[in-house]
Number of protein chains: 2
Amino acid sequence: VINIKTILGKNDFIESLRGKDATFILSMSTTKTCEIDGLTQAGLPGLIPLTPTLDAEFLTTGEVRSLIDIATTPTGVPTPALITRGVHLLKPFQSIYLNNLGIDTIPNIEHFQINNFNIKPSDSIADNANIDAFEIFEKGVDYGKSLQVDTEYIILAESVPAGTTTAYATAKALGYNVDGKFSSSFQSVPNEIKNKTIQQALNTISDQDDIFEILGKVSDNMLIFNAGFLLGSSYHNQKILLAGGTQMAAVLLIVDAMIKHMQGIYDSSNIALCTTSWIYNDSHSDIKSLLEMVGFNVNAYCTDFTFENASHPALKLYDQGEAKEGVGAGAALVYGALNGLKQNDLIVQIESLLG
Amino acid sequence: VINIKTILGKNDFIESLRGKDATFILSMSTTKTCEIDGLTQAGLPGLIPLTPTLDAEFLTTGEVRSLIDIATTPTGVPTPALITRGVHLLKPFQSIYLNNLGIDTIPNIEHFQINNFNIKPSDSIADNANIDAFEIFEKGVDYGKSLQVDTEYIILAESVPAGTTTAYATAKALGYNVDGKFSSSFQSVPNEIKNKTIQQALNTISDQDDIFEILGKVSDNMLIFNAGFLLGSSYHNQKILLAGGTQMAAVLLIVDAMIKHMQGIYDSSNIALCTTSWIYNDSHSDIKSLLEMVGFNVNAYCTDFTFENASHPALKLYDQGEAKEGVGAGAALVYGALNGLKQNDLIVQIESLLG
């Protein structure tokens with residue numbers, strides 16, 4: 001079987017979800033930040049903004065319709081959507097919803113719910129992301145308040161190329177001391193480009209900017225919308241697994257900053273962050289430390305799933321620190337673990353997807 | 001795992017049902033056509049009209065109460081209900097309903113919903129089936145309009161001995177050029193008896209007969225009722241998997257003929273046909289070609305499940321072309337595939353049912 005490890009908090013919350021159905025929501029968003037050369041390897045060179053579209057198509061249908069091959073990185077690391085799709089084939093999610101939070105190309109699929117929030121892709125944070133952060137945040141709150149699912153919990157995932165860079169800039173701009181704590185899709189983190197971009201982003205902020213003005217300049221739609229979504233969902237105690245690594249930690253830091261800003265209270269007992277062991281064990285980032293900066297308690301989990309017993313060389317790269325997380329891979333593994341999925345069955349399934 | 005193949009259309013519809021619960025409805029009907037010697041091997045010699053009753057008992061309880069043994073064909077091919085029951089034991093349907101569309105013997109079971117529509121078994125099409133087709137059709141429409149299930153979709157299956165003969169006669173009488181396209185429960189199709197019966201059926205029709213008069217003479221209750229059921233269900237966009245091979249294709253051809261007759265429009269986006277690989281790969285019939293004759297688009301699927309890895313000789317006969325389909329076996333396999341069922345686990349389960 002796949003075992004669940006507790007990163008922070010206790011295992012009660014996740015154990016209470018064992019055997020229960022889940023609704024999987026993929027937040028798709030692009031930021032022009034991803035077009036900065038060498039910043040991300042989440043996608044095909046020249047076609048990085050297409051990554052959320054391809055991930056959504058592959059997750060739902062097993063086909064990459066807006067392109068010929070599954071999005072792979074230059075060194076041949078396949079998208080983490082492979083892991084999520086593999087889990088879905090063996091232990092299906094009850095429903096998959098796709099949230100369009102600003103993408104260039106709508107996924108070419110029918111019969112799946114693609115929610116349109118009239119959000120445009122954001123600009124590069126190196127200049128100014130030009131996001132109406134208050135509007136995006138309010139859309140997230142409204143969605144969280146109104147969303148009714150017929151499962152016990154939601155797995156809230158993301159596909160946002162260059163998303164760790166915007167997450168890092170966001171947390172730093174909000175005043176959190178997060179240097180060295182954010183992840184990257186690279187094993188060899190491109191620190192120089194990344195730090196330069198983040199510094200440029202911070203330079204766009206002035207002392208007079210309020211929290212929404214800051215977010216509008218240095219963040220991305222996924223982070224802002226989902227912070228609102230968490231707050232909106234808390235009105236009806238919706239259980240949510242934040243499916244991701246340091247980007248989802250940044251969502252929590254935005255919620256934390258909002259709560260402090262508004263002097264409010266947030267009941268975090270219905271949420272948990274779930275990520276991969278590659279993030280948890282990453283020596284270049286520190287998910288646990290990020291979560292400890294959040295002013296409320298957060299349960300966080302990962303699994304012991306690795307590709308140690310895989311034979312396909314592309315999968316071995318995960319164990320060397322490439323890709324690490326995305327498209328809800330870590331939470332999908334937790335979901336698999338909660339439903340009795342075996343490590344080797346999943347590896348066989350994922351390898352069969354690679355052909 | 002069991003993999004799903006797309007026969008016609010795209011895989012979006014079936015992928016959108018992955019992980020979702022299903023209601024299984026078995027349409028039970030007999031036509032005296034089945035008493036024509038050598039026409040069908042769907043049941044025990046001399047007791048063929050009992051087949052739907054036995055299939056229903058075995059599907060729901062695992063016991064054949066109105067007889068000692070599971071209905072087997074003369075060469076020892078067991079009923080496809082074995083496959084459906086095997087799937088139900090490993091990945092249960094949320095509910096099983098039994099629709100009595102004219103059978104001689106009510107299944108001897110309690111606690112399951114047996115819906116009585118006051119329909120009598122039909123006569124042999126060689127003389128005149130003597131069905132009040134308009135009444136049966138209207139009953140189907142009413143049932144489709146009123147039926148509320150608490151699952152995302154319905155699997156609509158059938159058990160009608162000699163049903164491929166009545167289906168063939170029906171499609172031909174409605175003017176479709178279907179020679180050589182209809183299946184048989186035999187590997188060695190009894191063409192002479194079958195063609196003679198169909199010719200006799202066509203001889204009962206006169207030029208003045210309208211569509212209902214034609215159906216009343218050459219069709220069977222299951223085909224007519226379920227054509228109405230599909231039309232009635234479309235009023236509330238009920239998702240339905242037509243669980244069968246060429247008989248279910250004939251249901252669609254009746255709907256097609258009705259729509260053309262009434263100059264109406266039918267939204268087929270909520271239905272799909274699911275059958276077995278034995279039907280899809282059958283060289284004596286052509287399910288795909290039948291579906292292409294339908295004037296609206298139909299998604300159709302099968303799986304890659306076979307008994308290649310089975311050890312029981314009775315099951316091997318399926319791979320040689322005996323039995324092929326029935327009691328929703330093909331759609332049950334699709335349902336299993338949508339819920340992570342493994343080929344070998346199912347084979348072991350089915351073999352244990354054979355004892």
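1. Basis of the values. The model is predicted, so that local features need pLDDT of at least 70 and side-chain atom pairs count only at pLDDT 80 or more, while totals for chains, interfaces and linings use all residues. Residues are numbered from 1 along each chain as its sequence is written, chains are lettered from A in the order in which they are written, and side-chain values use heavy atoms, with hydrogens and water left out.

2. Extent of the interface. Chain A brings 19 residues to the contact and chain B brings 16, where contact means heavy atoms within 4.5 Å. The two chains bury about 1400 Å² between them, with 45% of it on carbon and sulfur atoms; this buried area is the accessible area (1.4 Å probe) lost when the two parts are put together, summed over both.

3. Four salt bridges are found across the interface, a salt bridge being a side-chain nitrogen of Lys or Arg within 4 Å of a carboxyl oxygen of Asp or Glu. A:Glu110 and B:Lys10 form a salt bridge, with their closest N and O atoms 3.5 Å apart.

4. Nonpolar cores. The largest nonpolar core has 70 residues, and A:Leu230, A:Leu252, A:Leu273 and A:Leu291 have the most contacts inside it. Such a core is a set of buried Ala, Val, Leu, Ile, Met, Phe, Trp, Tyr and Cys residues joined through side-chain atoms within 4.5 Å. Helix α9 of chain A (residues 246–262) supplies its largest share, eleven residues; helices are DSSP runs (H or I, at least four residues), numbered from the N terminus. Another core, lying apart from it, has 69 residues, including B:Ile154 and B:Leu253.

5. A buried threonine. B:Thr246 belongs to helix α9 of chain B (residues 246–262). B:Thr246 is buried, with a relative accessible area of 2%, buried meaning under 20% (1.4 Å probe, protein chains only). Its side chain reaches the backbone nitrogen of B:Ser183 at 3.3 Å. Beyond neighbours within four places in sequence, the contacts of B:Thr246 include B:Thr164, B:Phe182 and B:Leu290.

Methods:
Buried means under 20% relative accessible area, exposed over 50%, partly exposed in between (1.4 Å probe, protein chains only). Helices (H or I, at least four residues) and strands (E, at least two) are DSSP runs, numbered from the N terminus. A polar contact is a pair of N or O atoms within 3.5 Å; within protein, one must be able to donate a hydrogen and the other to accept it, and residues adjacent in sequence count only if both atoms are side-chain atoms.
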